[in-house]
Amino acid sequence: LARAALLWIAGLVVVVLMLAAGGYGYHRDELYFLVAGRHLAWGYPDQGPVTPLIARLTDLVASGSLTVLRVPSALMAGTTVFVTGAISFELGGTRRAQLIAASCAAVASIVLVTGHLLSTTTLDLLAWSALTWAIVRIVRTGDQRLWIAAGLVAGIALLNKPLIAFFLVSLGAALALVGPRRLLCSRWPWIALALALACWAPWLVWQGEHGWPQLKVSSSIANGGSASSQPRWALLPFQFLLVSPVLAPVWIAGLVSLARDSRLRQLRFFAVAWLILVATFLATGGKPYYLAGTFPVLLGAGALTVDRWL
């Protein structure tokens, strides 16, 4: 693992985001999180308590400071960059491949935009990345203890917003379809799932007590009621913008490699899970950036192909 080099790239992203943190006023969602943080609860109509809690803590440290409000997002964006490089390492990437993967993540639109402001998507992107790294490492090393960490990550992400549930279901379906099915036969992933559900339980109880408002919000989003909604046909074209049109060949190469490369046969389920997510979000009217959490593994695999090209 090119730890030092990856830390430099991740650190540079954090520094750039921090220098720019105060240069743009509040996003409407940030104002919402600040107000929600002053009325902490286990749930809200459209999200869980994690991001409002972060907003509350930053408000206590330095009320009214945009820079302090956005420090957690900058740190999470930098960590996502590092984890993307680490995923490439777990896939068998050389030092150069790791740096290619991390560099692509460092300039990715979705990473820089969500790292610039406090958003539920920032933590969600990091959680998908960390969960992916843990699963890839489990497949590579057989270290079953990592399932506990994976369960905790999934649980915190579910408390933040329920989107990662789609990722968990798609991974399970993909494993059942193309394997390695031995992962599902072990008790450890089920223990991890139980741990994630236990973390999520307070939000589920809150939703149940309040008539499941999240379903009404999701229906509104599917019908274009959100300011960031896009028509369903835009889901796939939008993917070319979430990293960069110039760097799209890298993640596309990663998707093809995961699907076809015999050296990555044990991880083919990630390509299948991506296809399941595309079909699911097309059917349910999901926003294009809902697929953003899959880019770290696609960039990690694509960096191997780019490294071989070079």
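Biologist: Which residues of the largest nonpolar core touch the most other members?

Modeller: In soluble globular proteins, nonpolar side chains tend to be buried together. In this predicted model, the largest nonpolar core has 92 residues, and Val 81, Leu 258, Phe 269 and Phe 270 touch the most other members. Helix α7 (residues 120-141) supplies the largest share of this core, 11 residues.

Biologist: What is Phe 269 in contact with, leaving aside its neighbours within four places in sequence?

Modeller: Its partners are Ile 135, Val 139, Leu 171, Ala 174, Leu 175, Val 178, Gly 179 and Pro 180.

Biologist: Is Ala 196 buried or exposed?

Modeller: One compares relative accessibility with a cut-off: under 20% is buried. Ala 196 has 1% relative accessibility and therefore counts as buried. Ala 196 belongs to helix α11 (residues 188-209). Not counting residues up to four places away in sequence, Ala 196 touches Gly 151, Ala 154, Gly 155 and Leu 158.

Biologist: How are helices α4 and α6 oriented to each other?

Modeller: Two packed helices are described by the angle between their axes and the distance between the axes. The axes of α4 (residues 66-90) and α6 (residues 109-116) come within 7 Å and cross at roughly 155°. Angles over 145 degrees count as roughly antiparallel, so α4 and α6 are roughly antiparallel to each other.

Biologist: Which residues of α4 and α6 meet?

Modeller: Arg 70, Ser 73, Ala 74, Ala 77 and Val 81 of α4 meet Val 111, Thr 114, Gly 115 and His 116 of α6. By class, this contact has four nonpolar, four polar and one charged residues.

Note on methods
Residues numbered from 1 in each chain as written. Predicted model: local features only at pLDDT ≥ 70, side-chain atom pairs only at ≥ 80, totals over all residues. Heavy atoms only, no water. Core = buried A, V, L, I, M, F, W, Y, C linked by side-chain atoms within 4.5 Å. Buried < 20%, exposed > 50% of the residue type's maximum accessible area, 1.4 Å probe, protein only. Helix = DSSP H or I, 4+ residues; strand = E, 2+ residues; numbered from the N terminus. Contact = heavy atoms within 4.5 Å. Axes fitted to C-alpha atoms, helices over the stretch in contact; angles between N-to-C directions. Parallel < 35°, antiparallel > 145°, perpendicular 65-115°, else oblique. Nonpolar A, V, L, I, M, F, W, Y, C, P; charged D, E, K, R; others polar.
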